[in-house]
Amino acid sequence: MRFSPTSPPDGWPGLAPAEAVARRALAELAATARRLGRAAPFDPDQAGAVLLERATLLGHRPAGPVSPGGSCRIMATADGWVAANLARHDDVHLLPAWLGIDPDGPVRSPALWRAVGEAVRRRPTLDVVEQGQLVGLAVAAVPDDDAGRHVGDAQLVDRGMLDPSRTHVATRVGPGADRSRGEATPARVVDLSSLWAGPLCGRLLAALGMEVVKVESTTRPDGARRGSPAFFDHLNGDKRHLALPLASTEGRRALADLLTAADVVIEGSRPRALEQMGIEPAAVVAGGPGRVWVSITAYGRTGPWRNRVGFGDDAAAAGGLVRRDADGVPTFVGDAVADPLAGLVAAAAAASSWAAGGGAVVDVALREVARAAASTPGRDREDAG
């Protein structure tokens, strides 16, 4: 499978560690395709192109401590660094509750960011992050060590993810299925995700020969529709599309029927959103043999940070996947790189689990995938070059 555009642009320093993880995921997808007796449309040599396909399509360029898309900044605090992402238009209205700033002027204007930076610089990192997350903003601490080991990190401890080489959690919660004789019909995938990571996962599973239906709420469609139509179609063009009134009893009943009939489910909701809809992934998986549930969130679906907000740029910084300039200032690597990286890892893990019989919940956290890349051996040598 070739990714569009055909190759990444030059001039993206520090991307090699993420590219190494992406390469492994594509190689695993190719191996799973061969195991299932299907053509292998996945080229590990295209890893860099996948990570930068949005940047190439939209003309984004590296911008140091400013994310290529412009919504996220890495800023100094009184005792460290944070990444703050005003990714949603309404995020600006949360600034008074976060920092006591009056959001006067255009959204994400230089003046607004200067005011945010000045307020953040006077506060300890922990206070900036906790207050930001409390009001619903994607704010994260940038770890002091480049590998993002987060020693004593309560979230990683709770999830059993202290080993920085791990990219995801896979838990067996239901009965498996015998795939030794192959499948008479393609696996059915219900893609409930939005934005980038989950849709990329769904697109890769479609390339593996699975039938993917993208489900959106009639009242809250995929936020990516407000961005580049070409990029949205690139991620979702090979899927069947279905809009449901998920706020109604009828819509939720229709969704429940889809989940019951699905072989694989992809979602990117914080756990409490699913709980409010009465959906329990483990119960769905346990309801039939061979099912796989793929959860892609900022910090994972378990642990004390399970409901924290996060997007590709800030989650990558939270995992330590940053590059330090000559003055030690952390700068962004790639374009929201935790998103495509998580999508690749999730697709590889989901396909492998499916081929092995399923019965599992695959839990992928953007921060943990970025952390695995940040811990890739040889990273310091690559950056120094």
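**Close-up 1. Val-294 and its partner in strand S12.** In S12, Val-362 is the bridge partner of Val-294, and strand S9 (residues 292-297) pairs with S12 in the parallel sense over six bridges. Strands here are DSSP runs (E, at least two residues), numbered from the N terminus, as are helices (H or I, at least four residues), and two strands count as paired if DSSP finds at least two bridges between them. This is a predicted model, in which local features need pLDDT of at least 70 and side-chain atom pairs count only at pLDDT 80 or more, while totals for chains, interfaces and linings use all residues. Residues are numbered from 1 along each chain as its sequence is written, and side-chain values use heavy atoms, with hydrogens and water left out.

**Close-up 2. Strand S12 and its antiparallel neighbour S4.** Strand S4 (residues 169-172) is joined to S12 by four bridges and runs antiparallel to it, with Thr-171 standing opposite Val-361. Because six of the six residues of S12 (residues 360-365) are buried (under 20% relative accessible area; 1.4 Å probe, protein chains only), this strand is largely enclosed by the rest of the structure. Ala-360, Val-362 and Val-364 point one way from S12, whereas Val-361, Asp-363 and Ala-365 point the other way.

Close-up 3. Four bridges join S2 (residues 81-85) to S3, and Val-82 has Ala-141 in S3 as its bridge partner.

Terms used:
Buried means under 20% relative accessible area, exposed over 50%, partly exposed in between (1.4 Å probe, protein chains only).
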